[in-house]
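I opened the file and kept notes in the order in which I looked things up.

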Amino acid sequence: MLVNDPNTQSCSRRMHAFGAGLAQQEILCSALEDLADTLPSQLDTYAAVRLAGRLVPTLTQCQSLEEREVFPLLRQTGDTSAQMLDRLHAEHIEDEDHAAMLADAINGFAHDPAQNDAEALGYFLRGLFQPLRRHVAFDREVILPMYRHALNR
Ligand SMILES: [Fe+2]
């Protein structure tokens, strides 16, 4: 592989973009866990509303890059099972749906904690960041190396 080759630079940029998206999702999971840990009495409502606001855009941006660039290439090379990519795609849809509902729940709680159930919100938070962490770990450990291999063919 030639470092100054435009194709090499393009591969490197694409790998970097995918890796950065995974890192952003890991940061998001940590922020959601931190929020859950502050419930009910130590919640920073301003930070919670800001987190709620970036939840769906962040996930959509990261996952659409996988859908647009990573999955099509892996489907094309045929090294990855179609069922596995279908499962990952389904998880993206579930996570984005969950994130939209969670953002509403976080906003509702932040605006009126007394009228909302902290335990239910904590359960809701864990319902997103735990499976999302597992998904991102799989993306990092399995999909990222496959993508690198496919780009370097
Ligand atoms: Fe993913």
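Is arginine 14 buried, partly exposed or exposed? I took a residue as buried if 20 or more other C-beta atoms lie within 10 Å of its own, exposed if 12 or fewer, and partly exposed in between, with C-beta atoms placed from the backbone. Arginine 14 has 17 other C-beta atoms within 10 Å, so I noted it as partly exposed.

Before going on, I noted the ground rules. This is a predicted model, in which local features need pLDDT of at least 70 and side-chain atom pairs count only at pLDDT 80 or more, while totals for chains, interfaces and linings use all residues. Residues are numbered from 1 along each chain as its sequence is written.

Entry: arginine 14. I found arginine 14 in helix 1; helices (H or I, at least four residues) and strands (E, at least two) are DSSP runs numbered from the N terminus. Not counting residues up to four places away in sequence, arginine 14 touches Glu69 and Leu151, a contact being two C-beta atoms, placed from the backbone, within 7 Å. I also checked methionine 101: from arginine 14 it is 87 residues away in sequence and 31 Å away in space, C-alpha to C-alpha.

Entry: the chain. I counted four helices and zero strands, in the order α-α-α-α. The C-alpha atoms fill a box of roughly 60 × 35 × 20 Å along the principal axes. Of the 153 residues, 24% count as buried. Among contacts between residues at least 6 apart in sequence, 81% join residues at least 24 apart.

Entry: cores. I used sets of buried Ala, Val, Leu, Ile, Met, Phe, Trp, Tyr and Cys residues joined through C-beta atoms within 7 Å as nonpolar cores. The largest has 21 residues, and Leu32, Ile106, Leu125 and Leu128 have the most contacts inside it. Helix 1 (6-38), helix 2 (45-77), helix 3 (82-111) and helix 4 (118-151) each supply at least two residues of this core. Apart from it lies another core, of five residues, including Phe18 and Tyr147. Leaving aside neighbours within four places in sequence, I listed Leu32, Leu35, Ala36 and Leu102 as the contacts of leucine 125.

Entry: helix 2 against helix 3. The two pack at about 170°, with axes 9 Å apart; I fitted axes as lines to C-alpha atoms over the stretch in contact, with angles from 0 to 180 degrees between N-to-C directions. That makes helix 2 roughly antiparallel to helix 3, as angles over 145 degrees count as roughly antiparallel, under 35 as roughly parallel, 65 to 115 as roughly perpendicular and the rest as oblique.
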